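Thanks for taking a look at this one with me. Below is the structure, followed by my notes in numbered points.

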Amino acid sequence: MKKLMTMMMLVFGLGLSSSQSIYYEAYRSSINDVNWQTVIADLLLSNTQKDQLFSLNNRYTDYDSWNHYYGTNPDRWRTDRYSEIERILGADNYVKFKNKYYKGQNPVAYYNRNKNNEKSYKSYKKYYKKQSKKGNHKGHSHGKGKH
């Protein structure tokens, strides 16, 4: 019985890790699918804005660093990332950015829609909600600061 329980925990744990890695893959795609040099040139961004964008894009360079911050709420990366991009670009440039790369749609809604096409996203989200209700989640600082 003990072996069966251990095996079930291992399989369930790997399933969560796999589901969560899909969120990380979407996060990486949000960086890799954009030609940032073109964004910088097209929007005539300052060196400061350019540096801030590159810093944002390099914030979580691997799954472990991303998971450490977003592990208990992987949906949050979208809101955090695109709020920060809007702050860096400014409102007018952000609209131009959305129009070019997201057909004028809110990027958070874009990734939410794509997420809902993935069955594993749904199963992870159900698990996370159950854990949140039970109080089995790690707290994270939502304030500004070092990530």
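The points below go from the whole chain to single residues.

1. A word on ground rules. This is a predicted model, so to speak of local features we need pLDDT of at least 70, while side-chain atom pairs count only at pLDDT 80 or more, and totals for chains, interfaces and linings use all residues. Residues are numbered from 1 along each chain as its sequence is written, and side-chain values use heavy atoms, with hydrogens and water left out.

2. Helices (H or I, at least four residues) and strands (E, at least two) are DSSP runs, numbered from the N terminus. Among contacts (heavy atoms within 4.5 Å) between residues at least 6 apart in sequence, 74% join residues at least 24 apart.

3. Next, the surface. The protein chain exposes about 9500 Å², and carbon and sulfur atoms supply 53% of that area; the areas come from the Shrake-Rupley method with a 1.4 Å probe, and for residues only the protein chains shown count as cover. Of the 147 residues, 33% count as buried. Buried means under 20% relative accessible area, exposed means over 50%, and partly exposed is in between (1.4 Å probe, protein chains only).

4. Do look at helix 6, residues 91-102. Its twelve residues reach 15 Å from the first C-alpha to the last, close to the 16 Å expected at 1.5 Å a residue (the expected span is 1.5 Å times one less than the number of residues). Its buried residues are Asn93, Tyr94, Phe97, Lys98 and Tyr102. Seen down the axis of helix 6, these fall within an arc of 145°, so they line one face of the helix; the arc is that of the directions from the helix axis to the C-beta atoms. Just after the helix, Lys103 takes a positive phi of about 50°.

5. Which residues touch the most other members of the largest nonpolar core? They are Ile85 and Phe97, in a core of 26 residues. Helices 1 (2-32), 2, 3 (47-57), 4 (63-70), 5 and 6 each give two or more residues to this core. A nonpolar core here is a set of buried Ala, Val, Leu, Ile, Met, Phe, Trp, Tyr and Cys residues joined through side-chain atoms within 4.5 Å. Leaving aside residues up to four places away in sequence, Phe97 touches residues including Val34, Trp36, Leu43, Ile85 and Tyr102.

6. The whole structure holds four salt bridges, each being a side-chain nitrogen of Lys or Arg within 4 Å of a carboxyl oxygen of Asp or Glu. One of them joins Lys100 to Asp42, with the closest N and O atoms 3.0 Å apart. This pair links distant parts of the chain, since Lys100 is in helix 6 and Asp42 in helix 2 (residues 36-42), 58 residues apart. Lys100 is partly exposed at 49% relative accessibility, and Asp42 is partly exposed at 48%.

7. Two further salt bridges deserve a visit. Asp75 and Arg78 meet at 2.4 Å, N to O, and both residues are buried. Arg87 pairs with Glu84, the closest N and O atoms being 2.7 Å apart. Arg87 and Glu84 are three residues apart in helix 5 (residues 76-89), so about one helical turn separates them.

8. Last, a loop residue. Asn73 lies between helix 4 and helix 5 and is partly exposed at 25% relative accessibility. Its C-alpha atom is separated by 9.6 Å from that of Gln20, 53 residues apart along the chain.
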